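Student: Could we go through this structure together, one question at a time? I would like to see how each answer is reached.
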Amino acid sequence: MADSIDCAGESIPWKEGLTGTEIFSSDRTVIAMWLNGEPADLSRELNAGDSIAPITIDSDAGLDILRHSTGHVTAQAVQELFPGTKLGIGPYITDGYYFDFDVAEPFTPEDLKAIQKRAAQIVKSGQTFNRVVVTEDEARQRMANEPFKLELIDDKGHASDGDSAVEVGAGELTVYENIDRKGEVVWQDLCRGPHLPNTKLIGNGFAITRSSAAYWRGDQSNASLQRVYGTAWASKDDLKAYQDRIAEAERRDHRKIGAELDLFSFPEELGSGLPVFHPKGGVIKREMEDYVRARHIEEGFEYVGTPHISKESLYYTSGHLPYYGENMFPAMSVDEVRDESGQVVKDGTPYRLKAMNCPMHNLIYRSRGRSYRDLPLRLFEFGTVYRDEASGVIHGLTRVRALTQDDSHSYVAQEDAGAEIRHLLNFVLSLLRDFGLDDFYLELSTRDEEGKKADKFIGSDEQWTEATRVLEEVAQETGLELVPDPGGAAFYGPKISVQARDAIGRTWQMSTVQLDFNQPERFELEYVAADGTRQQPVMIHSAKFGSIERFLGVLTEHYAGAFPVWLAPVQVTCIPVADEFNDYLAEVAAQLRAAGVRVEIDDSDDRFGKKIRNASKSKVPFTLIAGGEDRDAGAVSFRFRSGEQDNGVPVAEAVARILDAIETKAQV
Ligand SMILES: [Zn+2]
Ligand SMILES: [Zn+2]
């Protein structure tokens, strides 16, 4: 309608000069608005026919605006405290924001405190954010002392996204002014906005968190800048809850716990992203592997083995090259022959480190004729693969360069794909539950239909539509929440991934189930159907843990190092109250050991109290104590991680209790 605007589905009469400020004046939590689908300042003048909706401060879009606005205030504080500082970019990020500065000296912790204090004063002073549309010339005049901003203005037109999107982007150029109570412009920045109406709305839910070095536009050949990070929330309580989450995550950091409990390490000498498992970490890893191998075999999988390198040409057949090339380590030349002078007389054959197990499993499938009676053929192995991850993204065990997948490939008749995916998904969920993860949602990753990555996907439209339909149907049957992930598919087919929430509510992508029509075609896989015709199977890729390394990292954080009994490197520590009970406890330990329990006896010279503290620090599930009373009664006393005790338990009952906890995968 020509003389009205649409406000969240309701028609509001339009008049000259009408703004969102006026429309949403009665609701103080509304800090910006959707204007024809884009976030915008409330103060924007509306045109007849516009469609708007409120953005509240605690919504995702609202928090982004709050965080970016806090970035402006932080930058204003920095320029006031450190005159001559030049501005880089300052976008919002997950949970916060950063702002880059060209400053003479790196910021010290005291500097950051001073910035926080000054920013808080600016917040309180109630400056308004004022959007001004400017011409390029005007923008240059206003930003005359800001060389980086001038560069962004010059770039406008070339770059419509990327790191300068916050400042310029597509459309008109805008500057945001900060206006104080006297009506004076006290600060300004080149920015697309939107912003809060007033700095007061930032309140006391923000904190400057840290600073680090950064390069202009992330390029090491550019100027070195100082990046100040902050976090901002709709309330002080929300900020506190966030800070508690961060502290808890730090306490659970698997790299820290891995070192404390002597589980694994990341030797510099070995290279980045290449972990080693120490004996105690090796126990957990072995338990995981043994259990998962046994479960696969129960579920009809056959255990196979494949090498770590192969001819490069195999990956061209599979399509991993060139599609997945950037994640693979460079080729090495094998069987090259040189003469005495070093001249190549026979070219080598390029080989690659394995990045995926599927091509090799396809060769096992193809090694003989297959009939419909062989299907489903389910191949499984612990396949170690190597991925050339950028050193910047490598993180502990959760992002590594060498990882061992519990990888399986099911080859099935096309009409049985749905049933096999159902089988796999149920299998995956039951496995994760056995490891103590039971809060899941599913993500359905499909191909990018027409975006810029559309040509990254191989296969026909019909194949993709059918594969996506099958996955979606099976995913919905689980009754779990299903989140779409358009564009997130592998190049050869759509996938379902299982996202698990850990003990502190973080989500981790664990298992994946991928349907693939492409590799069977590329490898010319076939089977003889019941009617004697030759048919092509479909293959379903599935990794249940994702990788052993990553899963162990996630479990370490989920349990904060206090593993359930069946996974614990040491399950029982025996502590005699005094030396004279060493022999008695050694007998108990021998009984447990004979039953397959991982048991240690602390007969060191440490005092009793120290031994108890050491056992507690090692997070051992059961500590068994014995003194005179216990020995006389043929009993032991349990001490649990919580510090609680259960005294005078007859030895036979103690052994049975421990075995039961292992058997039932209990947490104690
Ligand atoms: Zn801005
Ligand atoms: Zn695969």
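Student: In which sense do strand β16 and β22 pair, and over how many bridges?

Tutor: Let's begin there, and keep in mind that this is a predicted model, in which local features need pLDDT of at least 70, side-chain atom pairs count only at pLDDT 80 or more, and totals for chains, interfaces and linings use all residues. Residues are numbered from 1 along each chain as its sequence is written, while chains are lettered from A and ligands numbered from 1 in the order in which they are written. Strands are DSSP runs of E with at least two residues, helices are runs of H or I with at least four, both numbered from the N terminus, and two strands pair if DSSP finds at least two bridges between them. For β16 (residues 302–303) and β22, the pairing is parallel, over 2 bridges.

Student: Which residue of β22 is the bridge partner of Glu302?

Tutor: Strands of a sheet pair through backbone hydrogen bonds, either parallel or antiparallel. Looking in β22 for the residue bridged to Glu302, we find Leu379.

Student: And over how many bridges do β22 and strand β23 pair?

Tutor: Here the sense is antiparallel, with β23 covering residues 402–412. One of the bridges joins Glu381 to Asp407 in β23. The count for β22 and β23 is 10 bridges.

Student: How many residues of β22 are buried?

Tutor: A residue is buried if 20 or more other C-beta atoms lie within 10 Å of its own, exposed if 12 or fewer, and partly exposed in between, with C-beta atoms placed from the backbone. Strand β22 spans residues 377–386 and is mostly covered. The buried count is 7 of its 10 residues.

Student: Which strands stand at the edges of the open sheet of 5 strands?

Tutor: The order in that sheet is β32-β31-β33-β34-β35, with mixed pairing. An edge strand has a single partner strand, so one side is left without a neighbour in the sheet. The edges are β32 (599–601) and β35 (645–650).

Student: Which residue in β34 stands opposite Thr623?

Tutor: Strand β33 (residues 622–626) and strand β34 (residues 635–640) pair in the antiparallel sense over 4 bridges. Opposite Thr623 stands Arg639.

Student: At what angle do the axes of α12 and α13 cross?

Tutor: Axes are lines fitted to C-alpha atoms, for helices over the stretch in contact, and angles run from 0 to 180 degrees between N-to-C directions. Helix α12 (residues 417–434) and helix α13 (residues 461–477) have axes that come within 9 Å. The crossing angle is roughly 40°.

Student: Why is α12 called oblique to α13?

Tutor: Angles under 35 degrees count as roughly parallel, over 145 as roughly antiparallel, 65 to 115 as roughly perpendicular and the rest as oblique. The crossing is at roughly 40°, and that makes the relation of α12 to α13 oblique.

Student: Which residues of α16 and α19 make their contact?

Tutor: Helix α16 (residues 582–594) and helix α19 (residues 651–663) pack at about 40°, with axes 11 Å apart. Two residues are in contact if their C-beta atoms, placed from the backbone, lie within 7 Å. The contact is made by Val588, Gln591 and Leu592 of α16 and Val651, Val655 and Ile658 of α19.

Student: How many residues of the chain's 668 count as buried, as a percentage?

Tutor: For the whole chain, the secondary structure comes to 19 helices and 35 strands. Applying the burial count to the 668 residues gives 38%.
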